[in-house]
Amino acid sequence: MTYDLAIVGAGAAGLAAAVTARELGLNTVVVEASHRIGGRGYTEMFAPGIAFDLGCHWLHSATINPFVPIADRFGFRYRKGTYPRGLFVNGRWATENERAELDAFLERSHDAVVAAAEQGKPLSQADVTDRESVWTPVFDHFTTLGTSVDPDQVGVEDTASYNDTGENWPLKDGFGALIAQFGADVDVTLNCAVRRIDWSGGEIGLETAKGRIAARRALVTVSTGILGAGDIRFDPALPDWKEEAIAALPLGTHNRVGILFDRDVFGPECPRGAVVMMPDSEVQAIALNAFGENYAVGYTGGRHAVWLERAGQRAAIDFTLERLVHVFGSSVRPRVKRTIVTAWHGDPWAKGSYSAALPGQGHQRIELARPIDNRLFFAGEATSSEFMATAHGAYLSGIAAVRAIAATMGLESAA
């Protein structure tokens, strides 16, 4: 049989697309290379009642985030507001003046990035920010967490165009679990990697690990890591403008190190998060005692995250534990009960965390989203010009793509 639509990938974009296609009455097939749905949203249980997100975790720009009402529908719990950000520097908790200095520096750096983007300058974030300040390493670290690459690898455009309300709400029950719950009733063929997409004829043929699929339209929602690696062969080859868009939006790496303790090692006065600065070493932001549970989450990003991942899980654990010892003392070491370390750089079904536009290449997100011949469509966080690098950006892109697909088929309800 020939389907109306074949969707490649069952992450947030693919699942949202599938639900929308069903609502519009399209005969749809969804295939996923992995053994699970959710893509870069994935939750494991750290301990009974304690969810740990290996991928996306925060409801960014929460009051305009479509996953908030979805969380409410399914009874998922989240915390509003922002964790107080502690700062540990020079072997002690920072003074009020030091925290104010850091906040002012981060604000100036953000303003400089936005100003450069508004002037249309094809520059990296490193090009337009102070490289000599004592607080530069903190800005650089936060950049790696927000973009998954270092400041010299990402253009100023993404920061300027991102629709940020400043509301970042963590999900107690897990964002990956929420995405999986949202897509639980979507019929997905798992362990079904697409090897080749033939769009040379009147119908589109997809060669998969479980046979051939024929469809009138195809929606590709896989990451630019997968597309850039050539894991899916297109026949005929994608046009140059599409290949250029893929190359301009590579995936970086953002990994998380979870350390569960058998008791509270932080104390009642500890802030819920801390930025730890140690002499001659990398800065690390660490979430502490989240939702009142006895665990810490250390964040790594960019080149350093890749280096740690390649060095192995023990290296990442030791890196984060060293900072916890620096802050709370050596007594925390014997209290470690369990650890979790993510490895998105080497994940075969993503090959990275999320996309970052190269300097001067922010416009390529529109090009990546642009369909080919009104038959071959693309969606995912990398195609979002407003909510890149987020699950809700992927979700919204999947809905928009299917509505555009339905319009090409003459469905009036697509509007």
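Q: Which residues touch the most other members of the largest nonpolar core?
A: This is a predicted model, in which local features need pLDDT of at least 70, side-chain atom pairs count only at pLDDT 80 or more, and totals for chains, interfaces and linings use all residues. Residues are numbered from 1 along each chain as its sequence is written, and side-chain values use heavy atoms, without hydrogens and water. A nonpolar core is a set of buried (under 20% relative accessible area, 1.4 Å probe, protein chains only) Ala, Val, Leu, Ile, Met, Phe, Trp, Tyr and Cys residues joined through side-chain atoms within 4.5 Å. Among the 42 residues of the largest such core, the most other members are touched by Phe-67 and Leu-219.

Q: Where do the buried residues of H2 fall, seen down its axis?
A: Helices are DSSP runs (H or I, at least four residues), numbered from the N terminus. In H2, the buried residues are Phe-67, Val-68, Ile-70 and Ala-71. Because the directions from the helix axis to their C-beta atoms fall within an arc of 160°, they line one face of the helix.

Q: At roughly what angle do the axes of H2 and H6 cross?
A: Axes are lines fitted to C-alpha atoms, for helices over the stretch in contact (heavy atoms within 4.5 Å), and angles run from 0 to 180 degrees between N-to-C directions. Residues of H2, including Phe-67 and Phe-74, meet residues of H6, including Phe-175 and Phe-182. The axes of H2 (residues 67–74) and H6 (residues 175–182) come within 10 Å and cross at roughly 75°.

Terms used. Helix = DSSP H or I, 4+ residues; strand = E, 2+ residues; numbered from the N terminus. Buried < 20%, exposed > 50% of the residue type's maximum accessible area, 1.4 Å probe, protein only.
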